[in-house]
Amino acid sequence: MAKYELVVIWDPFLQEADHAAELEKAQEQIRRRGGTITNVDVWGRRRMAYPIQKKQEGYYAVISFEGEIDAANLHEIERSMRLNEKVLREMLTRVPEIKPRKEKPKKPKADRQPTEAQYGRAGFGVQETFSA
């Protein structure tokens, strides 16, 4: 099942109840097109890096969802967000699947022998004997 994230920035001058209603509308859009919401992370009001529509701040939310959604339905989710006048920006991305790496077996340290390349010529293989 493919995983997606939808990041939405709404107009910061909306009331708190309006932000909650807009977030619920976005979730309903996803559910209606076959997605299952896994996480909703509301960042709240934040300062943006650059002004969008002469606004310095925006109300951010990240909606994580998954499902077997075809490209037409994903495009329709993006389109409905763009047509909403209260949305300043939206970005829908597919989260890549992270596969665990296979580790190579390592030689035990006891099997390793020191080499001349590691320690140089000085003292390599020299045994000292002391007489008293």
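In what order do the elements of the protein run from the N terminus on? They go β-α-β-β-α-β-α. Hello everyone, and thanks for coming. What you see is a predicted model, where local features need pLDDT of at least 70 and side-chain atom pairs count only at pLDDT 80 or more, while totals for chains, interfaces and linings use all residues. Residues are numbered from 1 along each chain as its sequence is written, and side-chain values use heavy atoms, with hydrogens and water left out.

Let's begin with the overall picture. The protein has three helices and four strands; these are DSSP runs numbered from the N terminus, with helices being H or I of at least four residues and strands being E of at least two. Of its 132 residues, 31% are buried. Buried here means under 20% relative accessible area, exposed means over 50%, and partly exposed is in between, using a 1.4 Å probe and protein chains only. The accessible surface comes to about 10,400 Å², and carbon and sulfur atoms own 50% of that. Those areas come from the Shrake-Rupley method with a 1.4 Å probe, and for residues only the protein chains shown count as cover.

Now, contacts, meaning heavy atoms within 4.5 Å. Taking the contacts with a separation of 6 or more, 70% are between residues 24 or more positions apart.

Next, please find strands β2 and β3. They form a hairpin with two residues between them, and Gln-53 in the turn has a positive phi of about 55°. The two strands pair in the antiparallel sense over eleven bridges; to count as a pair, DSSP must find at least two bridges between them.

On to salt bridges, where a side-chain nitrogen of Lys or Arg sits within 4 Å of a carboxyl oxygen of Asp or Glu. How many salt bridges does that rule give? The count comes to eight.

Let's move to Arg-31. This residue forms a salt bridge with Glu-24 at 3.4 Å, and another with Glu-28 at 3.7 Å, N to O. Arg-31 and Glu-28 both lie in helix α1 (residues 16-32), three residues apart, or about one turn of the helix. Arg-31 is partly exposed at 38%, as are Glu-24 at 41% and Glu-28 at 35%. There is also a network of salt bridges linking Glu-22, Lys-25 and Lys-86.

Last stop: Arg-33, in the loop between α1 and β2. Is Arg-33 buried or exposed? Arg-33 has a relative accessible area of 16%, so this residue counts as buried. Its side chain makes a polar contact of 2.8 Å with that of Gln-29. A polar contact is a pair of N or O atoms within 3.5 Å; within protein, one must be able to donate a hydrogen and the other to accept it, and residues adjacent in sequence count only if both atoms are side-chain atoms. Setting aside neighbours within four places in sequence, Arg-33 is in contact with Ile-69, Asn-73, Glu-76 and Ile-77.
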